[in-house]
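Hi,

Here's the structure I promised to pass along. Have a look, and my notes follow below.

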Amino acid sequence: MDSNGHSASQRMPLALDLVWGFGLVALFCAATGWLTQPPVLFYFLAAALYLAACALIIRFWPETRDFGWANRATLLRGSLVIVLVALAPFADHLTDSLWLYGWMALLALILDGVDGKVARATGSQSEFGARFDMELDALFILGLSVAVLALGKAGPWVLALGLIRYAFVVATHFLDWLNAQLPESFRRKTVCVWQIVTLLVAVLPPVNALFASITLATALALLVWSFFLDIHWLYQRRHHHDVH
């Protein structure tokens with residue numbers, strides 16, 4: 001019996017989970033194609049993003065364990081997020097479908113809390129699940145940033161909202177003390193949600209470039225401040241991390 005309470009006979013193969021996830025991506029892509037008629041590149045980008053996600057899941061998830069319902073809920077949201085991110089570079093072609101894009105993004109935001117509730121209800125919290133959810137949020141934010149740029153609602157600086165997190169990940173490969181475990185932070189979660197909300201609002205047709213730029217600049221300032229606090233906290237404890 002594994003740590004999720006599933007016997008070997010009850011465990012669903014990871015490949016099966018990844019297959020139904022791909023089926024969802026294909027379904028969302030087909031619906032998006034029917035409603036918005038995006039360029040062919042959209043389908044290739046969605047497939048590439050999902051295959052990349054599969055490669056990372058296979059690498060980091062133990063094959064002997066059941067994937068669990070919490071991770072399946074994250075995978076469900078991930079299928080929607082991947083389609084939104086793949087569509088983001090072509091947001092300026094959506095015109096009448098921008099409201100649909102906004103509603104899809106709102107649904108992805110609402111689903112963000114489902115996997116955590118499932119994990120707590122089933123006692124299946126894991127470090128992998130938390131990281132899976134966090135990386136999906138990061139991808140979602142980057143995709144929305146690209147959509148805002150494509151719509152001309154803000155300049156290239158808006159991409160910093162999605163890229164700062166990845167710059168931090170790159171830095172962890174050169175500065176080992178950045179890899180220390182950060183404590184849980186309500187501030188960090190609030191800034192993340194504010195990023196997504198301001199980006200989502202900026203995508204909507206009635207929102208003009210001035211309003212979008214002001215709110216997104218505020219979100220970027222809060223993000224920089226939040227990262228500064230975390231990096232400062234890690235820097236102060238760098239010697240403790242080196243000892244242990």
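How much of the chain over residues 74–91 is helix, and how far apart are the end C-alpha atoms? That stretch is 78% helix and 0% strand, with 24 Å between its end C-alpha atoms. Helices here are DSSP runs of H or I with at least four residues, strands are E runs of at least two, and both are numbered from the N terminus.

Before you go on: this is a predicted model, where local features need pLDDT of at least 70 and side-chain atom pairs count only at pLDDT 80 or more, while totals for chains, interfaces and linings use all residues. Numbering starts from 1 along each chain as its sequence is written, and side-chain values use heavy atoms, with hydrogens and water left out.

UniProt's unreviewed entry lists "transmembrane region" at several spans, among them 41–62 and 74–91; such annotations may be inferred rather than shown by experiment. Residues 41–62 are 91% helix and 0% strand, with end C-alpha atoms 33 Å apart.

Now the inside. The largest nonpolar core has 61 residues, with Ile57, Tyr101, Leu161 and Leu216 making the most contacts within it. (A core is a set of buried Ala, Val, Leu, Ile, Met, Phe, Trp, Tyr and Cys joined through side-chain atoms within 4.5 Å; buried is under 20% relative accessible area, exposed over 50%, partly exposed in between, with a 1.4 Å probe and protein chains only.) Elements giving it two or more residues include helix H1 (14–36) and helix H9 (209–236).

Helix H9 also holds Leu229, which counts as partly exposed because its relative accessibility is 31%.

Cheers
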